[in-house]
Amino acid sequence: MTDAAAFRALHYGRPPGDPLILPGPWDAASARALVDAGFPALATPSAGVAASLGYADGETPAAEMFAALARITRAVDVPVSADVEDGYGLAPQELVERLLEAGVVGCNLEDSSGGVLKDPHRHAEWLAEVRSAAGDRLFLNARVDTFARGVTDPDRAIERAALYGAAGADCVYPIHAPTAVLPLLRSGIKGPLNMYARPDGTSPTPAELGALGATRITFGPGLLRLALRSLQKPWPEASGRGVD
């Protein structure tokens with residue numbers, strides 16, 4: 001079984017309330033820490049990697065993003081999926097080649113750019129080209145940005161999800177969808193469904209989201225932000241006790 005096939009298999013046969021949890025490392029050290037914590041796979045967040053490189057989300061040059069992904073995949077022995085935003089304007093064949101060279105087994109691809117939703121039919125055609133270039137070597141997670149762009153009607157997300165699934169997406173990700181509409185999304189969307197959770201306890205737990213229909217849970221840059229907030233807390237006394 002290839003790494004991509006093993007990663008794909010993690011999404012199926014899961015009982016309700018037991019979604020696949022994919023924490024998001026932002027560099028090699030955080031990736032190792034998450035694997036040591038027992039997670040079977042990882043999913044990098046574009047915003048987290050961007051912050052680690054000194055960029056705002058959406059402003060990371062493609063070359064730096066792929067180099068960062070390669071460092072992460074070299075550091076761990078579990079499958080890694082990568083958020084590569086809207087593909088950085090790369091042609092499908094080149095995008096696939098660079099993802100595979102970086103060592104990842106899957107990717108998130110957004111259906112908006114510059115804060116504007118893309119035409120869903122054209123985006124589906126592009127996704128189909130990515131699928132054709134990748135074959136079964138990559139797990140494609142198609143992000144649906146309707147809720148993030150102020151379109152609150154769940155039917156619009158379901159329509160896009162259907163187009164992307166038909167184009168070859170393995171999973172869809174209606175980012176920022178309200179928890180209340182998750183059962184409706186689950187009933188209208190075929191295949192694995194990715195939902196976003198906050199690791200600080202301000203959102204439903206992964207188990208609660210799983211019970212409502214989520215197949216897998218990602219945290220975006222939430223883990224990085226949680227770590228950064230911990231650094232802003234008072235440090236141990238000057239005696240040095242507790243400081244490594």
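**Pocket lining, helix packing and selected residues**

Strand β3 supplies the largest share of the lining of the largest pocket, with three residues. The model described here is predicted. The volume of this largest pocket is about 580 Å³. The pocket is lined by 32 residues. Closest to its centre are Ser 46, Asp 57, Asp 83, Glu 110 and Arg 143. Several elements each give two or more residues to the lining. Helix α3 (46-53) is one of them. The strands in this group are β2 (42-44), β3 (80-83), β5 (112-113), β7 (139-144), β9 (194-196) and β10 (216-218). By class, the lining holds 14 polar residues, nine nonpolar residues and nine charged residues.

Arg 143, named above among the residues closest to the pocket centre, belongs to strand β7. Its relative accessible area is 10%. Arg 143 therefore counts as buried, since the cut-off is under 20%. Arg 143 and Arg 216 are separated by 73 residues in sequence. Their C-alpha atoms lie 13 Å apart in space.

Helix packing was examined next. Two packed helices are described by the angle between their axes and the distance between the axes. Helix α4 (residues 62-75) takes part in a pairing with α2 (residues 28-36). The axes of α2 and α4 come within 8 Å. They cross at roughly 35 degrees. The crossing of α2 past α4 is right-handed. On the α2 side, the contact is made by Ala 28, Ala 31 and Arg 32. On the α4 side, Arg 71, Ile 72 and Ala 75 take part. The contact has four nonpolar residues, two charged residues and no polar residues.

Helix α4 also pairs with α5. Here too the axes come within 8 Å, and the crossing angle is roughly 35 degrees. From α4, the contact draws on Ala 62, Ala 63, Phe 66, Leu 69, Ala 70 and Thr 73. From α5, it draws on Leu 95, Arg 98, Leu 99 and Ala 102. Eight residues of this contact are nonpolar, one is polar and one is charged.

Thr 73 sits in helix α4. Thr 73 is classed as buried because its relative accessible area, 15%, falls under 20%. Apart from residues up to four places away in sequence, Thr 73 touches Val 80, Ala 102, Gly 103 and Val 104.

Backbone angles were considered for two loop residues. Most residues other than glycine have a negative phi. Tyr 88 has a positive phi, near 60 degrees. Tyr 88 lies in the loop between β3 and α5 (92-102). His 176 also has a positive phi, near 65 degrees. His 176 is placed in the loop between β8 (171-174) and α8 (182-188). With a relative accessible area of 44%, His 176 lies between the cut-offs of 20% and 50%, so it is partly exposed.

Ala 180 is found in the loop between β8 and α8. Its relative accessibility is 74%, which is over 50%, so Ala 180 counts as exposed. Ala 180 and Phe 39 are 141 residues apart along the chain. The C-alpha atoms of Ala 180 and Phe 39 are separated by 28 Å.

Conventions
Residues are numbered from 1 along each chain as its sequence is written. This is a predicted model: local features need pLDDT of at least 70, side-chain atom pairs count only at pLDDT 80 or more; totals for chains, interfaces and linings use all residues. Side-chain values use heavy atoms; hydrogens and water are left out. On a 1 Å grid over the protein atoms alone, a cavity is a set of points where a 1.4 Å probe fits but cannot get out, and a pocket is an open set with protein on both sides within 12 Å along at least five of seven lines; lining residues have an atom within 4 Å of a point. Grid points are joined across faces, edges and corners, and a volume is the space filled by probe spheres set on the points. Helices (H or I, at least four residues) and strands (E, at least two) are DSSP runs, numbered from the N terminus. Ala, Val, Leu, Ile, Met, Phe, Trp, Tyr, Cys and Pro count as nonpolar, Asp, Glu, Lys and Arg as charged, and the others, Gly among them, as polar. Axes are lines fitted to C-alpha atoms, for helices over the stretch in contact, and angles run from 0 to 180 degrees between N-to-C directions. A crossing is left-handed if the near helix is turned anticlockwise from the far one by less than a right angle, and right-handed if clockwise. Contact means heavy atoms within 4.5 Å. Buried means under 20% relative accessible area, exposed over 50%, partly exposed in between (1.4 Å probe, protein chains only).
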